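These are my notebook entries on what I looked up in this structure. I began with the aromatic rings and then turned to other features.

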Amino acid sequence: MPSAPPPNGLANSPGPELNHATETADPQSEFCPDGRMSSIPASAFSKNESPPARLMDRGSLAFYGLVLFFLACRLPVMYSQPGFIDDECYAIPGLTILENGIPRLPHVAGRETTSVYYHADEVLYCEPPLMFYLQALFYLVLPHEYGTGRLVSAAAGIGVLAAAWRIASRLGKTWQAAIWAVGLFSASRWFYLSVLKVRPDMLCVMFGLWAIATLWGIGSRFHWRPLITTGILIGLGGLSHALALAYAVQIAAWLFVTGQGWQRLTRPALVAGVALVVTAAWIPLILVRPDLFLIQFRNQYLGVNDDPLWLRLLWPWESIAYHAQYMLENFGPIQFPVVIGSLIACTMLCLRQGDAALRPLCWLGWTGFYLIACLVGPHHMTLGYWVYPAAFGFIAAGVLIDRVALAITAKGRFVAPIRWAGAGLLILLMLPGMGLKATVSSIRNWNDPDYRAPLVAKKLMDQLPADARYAVDPAFTLDFYAAGRKTLPAQLFPGYLPQSPGDYDYLIVSRLGVDDGMAQRQCAEKLLTAGKFDDLLACYAEVYRSTKSPCPPPE
């Protein structure tokens, strides 16, 4: 699990830290000397003492138990489910790296100069390459399946949980704050939906949270080791996804405001310099085809017809409303309010009680949502980006639960029934959308080929000629490509779908293509099916043969 070395005196801790020492405020490092909400005191980031060994052991065991539960629930689903949208493009470059060291999309021969995949069959530049090279390491020793491609997200997810644990353990009054924060987070749809994707979002989030965790103990002085470590982490995040820009801005502001004198400039400058040096590791690959890099990069990040970034930063409401609605629809009417409500509650504590320890948590959570919404703009519905600010929301939830539990204990009446009832209620709130049905189905039907996407793909290929050309939708693209079949993308977006039936011999569609009527638009002839259409937890595919003739014009 990639992780940053802890700052200050925590370097020798054997597991996730649980620090409870009372901290002393440093008024010279606050945002505002009058103690308003906008201040971030250095006391929130100062060095803490190590907790008693007994608590350390209990906390570490609890964390490792959560990790094992996460792997037991998610690995069967990862290796059973077919690909989703984007998986067909992010899962293949790791295989091409094993061939010639260069991330490519051989099945996407984009030739439109407005496409983000322009000549991506030669080299892929629309995303930074770190995830693809890590993915290649998994492909070296494991089957070439979507499940293996998802292991980068799963490993990064464990790193995300570890970083959240470290931050929560420093804010909570007992180790139970961290267990609640990480337990709720790992069970949430915010986390679950992203860890099953073959995308670099989770990897980028992991580096960002560890950068924040590293700085949490730096105070207002110039500690070059955590600053360099933070720069390395930001650079690695930049090699994973452009999302790193959000926490790079946060950290630069953090170091500027909490610094003193020239350190307001020297600390951010050191971190930025190290981050740029690390990100420069992309340059050798860029020099392979700099002309393609400029076109793909421009189309990916500069080709959207939105308002300019400066205007979105000044007037972010359209972007915020767009993404808030999308998050509510996908994370649900229970889990979405848990994150937002926890941040609101912590903010109220800061405003009413002057709780300085929670100020940085609230600031990071709210500015995280704001920056990501503005950077992305009112388009591009991707769930993985929101794992980063959601982490602070679940940390806030863990801290609040810990404080409520302590308050109940202090009253001394009906402590155990109230605490158990509260714990049960929280668990019940997280159950809808937790993915347990998919987990149970994957384990129960592990030997049933209708529930294992690689087996469904193999069944289809066994019945089809090896030398034919296949247009395959995202569910089975990797399987056909890894088997050596001539594969084309059958996508729903302009520029992906084959332009005429003569481009392929057979069309393979899953529920995605069936719902869209892809085969009917292509005037293809249905040959066979595989899987179970009625069971949404099972796999399903339809095979069509090209008629080699254009569709009649619509009436």
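I call a residue buried when its relative accessible area is under 20%. The model is predicted, and I read every value below with that in mind.

**Entry 1: aromatic pairs**

I searched the whole structure for aromatic pairs and found 21. I looked up W216 and W254, whose rings are 5.9 Å apart centre to centre, with 85° between the planes. This pair is edge-to-face, because planes over 60 degrees apart count as such. I then placed the two residues: W216 lies in the loop between helix 9 (201–215) and helix 10 (224–238), and W254 in helix 11 (residues 244–258). The two are 38 residues apart in sequence, so the pair ties those parts together. W254 has a relative accessible area of 1% and is therefore buried. W216 is buried as well, with a relative accessible area of 2%.

I next checked Y247 and Y388, whose ring centres are 5.6 Å apart. Their planes stand at 45°, so I recorded the pair as tilted. Y247 is in helix 11 and Y388 in helix 18 (residues 387–411), and the pair links these distant parts of the chain across 141 residues. Y247 is buried, with a relative accessible area of 1%. Y388 also counts as buried, at 1% relative accessibility.

Which residues do ring pairs link into a cluster? I noted Y125, W282, F293, F297 and Y301.

**Entry 2: charges over rings**

I looked for charged side chains placed over aromatic rings. The charged end of R264 sits over the ring of F256, at 5.6 Å from the ring centre. R452 lies over the face of W446, 4.0 Å from the centre of that ring.

**Entry 3: annotated spans**

I consulted the UniProt record, an unreviewed entry, for the feature "transmembrane region". The record places this feature at residues 151–168, 175–192, 198–219, 231–257, 269–288, 363–380, 386–406 and 418–436. I compared two of the spans with the model. Residues 151–168 are 100% helix and 0% strand, and their end C-alpha atoms are 25 Å apart. Residues 363–380 are 78% helix and 0% strand, with the end C-alpha atoms 25 Å apart.

**Entry 4: backbone angles**

D86 is not a glycine, yet its phi is positive, at about 90°. I found D86 in the loop between helix 1 (53–78) and helix 2 (87–90). Its relative accessible area is 22%, and D86 is partly exposed.

H119 is not a glycine either, and has a positive phi of about 55°. H119 is located in the loop between helix 3 (93–100) and helix 4 (130–141).

I traced an open sheet of five strands in the order 2-1-3-5-4, with mixed pairing. Which strands stand at the edges of the sheet? Strand 2 (486–489) and strand 4 (525–531) do, each with a single partner strand, so one side of each has no neighbour in the sheet. Neighbouring strands are turned by 25° against each other on average, direction ignored.

I followed the pairing of strand 3 (residues 506–509) in both directions. With strand 1 (residues 469–472), strand 3 pairs in the parallel sense over three bridges. Y470 has Y506 of strand 3 as its bridge partner, and A471 has L507. With strand 5, strand 3 pairs in the antiparallel sense over four bridges. I508 has V543 of strand 5 as its bridge partner.

I then examined what covers strand 3. Both of its faces are covered, with Y506 and I508 buried on one side and L507 and V509 buried on the other. Helix 21 (residues 453–462) packs on the sheet and touches strand 3, strand 4 and strand 5 (540–545). I recorded an angle of about 140° between the direction of helix 21 and that of strand 4.

Methods: Residues are numbered from 1 along each chain as its sequence is written. This is a predicted model: local features need pLDDT of at least 70, side-chain atom pairs count only at pLDDT 80 or more; totals for chains, interfaces and linings use all residues. Side-chain values use heavy atoms; hydrogens and water are left out. Rings of Phe, Tyr and Trp (its six-membered ring) pair if their centres lie within 6.5 Å; planes under 30 degrees apart count as stacked, over 60 as edge-to-face and the rest as tilted. Buried means under 20% relative accessible area, exposed over 50%, partly exposed in between (1.4 Å probe, protein chains only). A charge sits over a ring if NZ of Lys or CZ of Arg is within 6 Å of the ring centre and within 35 degrees of the ring normal. UniProt positions are given in the numbering used here, feature names are shortened, and annotations may be inferred rather than shown by experiment. Two strands pair if DSSP finds at least two bridges between them. Axes are lines fitted to C-alpha atoms, for helices over the stretch in contact, and angles run from 0 to 180 degrees between N-to-C directions. Contact means heavy atoms within 4.5 Å.
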